[in-house]
Amino acid sequence: VKLDDQIHILEAFNGVTGSFKDIGCQVVVRLIALYMAKNGKMGNILVETSGDTGPAAVNAAVGLHSVEIFCLYPKGRVSRVQELQLTTLN
């Protein structure tokens, strides 16, 4: 959001999952993917969640070919929306 000619603000809640963690996860996962690709390797990322971190991390890996992400979450302890965000991606 542009406040004036010199000040811009990043609204972190406008990410794919609506979580402020989307921005950070996008950066970290893409840095790992870049490192793996430059070294001709495939990386596995394991995350665990009880909320919005998992969907943000999983979405960050969509379309990347040098990383695969696995997310653990407690059955019945995440919201239906969060579970769908974790289980309905390509």
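A disulfide is taken here as a pair of cysteine sulfur atoms within 2.5 Å. Under this criterion, the predicted model contains zero disulfides. C25 takes part in no disulfide, the nearest cysteine sulfur, that of C71, being 9.9 Å away. The sulfur of C71 therefore lies too far for a bond from its closest counterpart, in C25, at 9.9 Å. C25 is buried, with a relative accessible area of 15%, where buried denotes under 20% relative accessible area, exposed over 50% and partly exposed the range in between (1.4 Å probe, protein chains only).

Because the model is predicted, local features were required to have pLDDT of at least 70 and side-chain atom pairs pLDDT 80 or more, whereas totals for chains, interfaces and linings use all residues. Residues are numbered from 1 along each chain as its sequence is written, and side-chain values use heavy atoms, with hydrogens and water left out.

The secondary structure comprises three helices and two strands, assigned as DSSP runs numbered from the N terminus (helices H or I, at least four residues; strands E, at least two). From the N terminus on, the order of elements is α-β-α-β-α. The C-alpha atoms occupy a box of roughly 45 × 40 × 20 Å along the principal axes. Of the 90 residues, 29% count as buried. Among contacts (heavy atoms within 4.5 Å) between residues at least 6 apart in sequence, 63% join residues at least 24 apart.

Helix α2 is largely enclosed by the rest of the structure, because seven of its eight residues are buried. These buried residues are G54, P55, A56, A57, V58, N59 and A60. Their cover includes α1 (21-38), β1 (43-48), β2 (67-72) and α3.

The packing of α2 (residues 53-60) against α3 (residues 80-87) is characterised by an angle of about 25° and an axis separation of 9 Å. Axes are lines fitted to C-alpha atoms, for helices over the stretch in contact, with angles running from 0 to 180 degrees between N-to-C directions. On the α2 side the contact is made by G54, P55, V58 and N59, and on the α3 side by Q82, Q85 and L86. By class, this contact has three nonpolar, four polar and no charged residues; Ala, Val, Leu, Ile, Met, Phe, Trp, Tyr, Cys and Pro count as nonpolar, Asp, Glu, Lys and Arg as charged, and the others, Gly among them, as polar.
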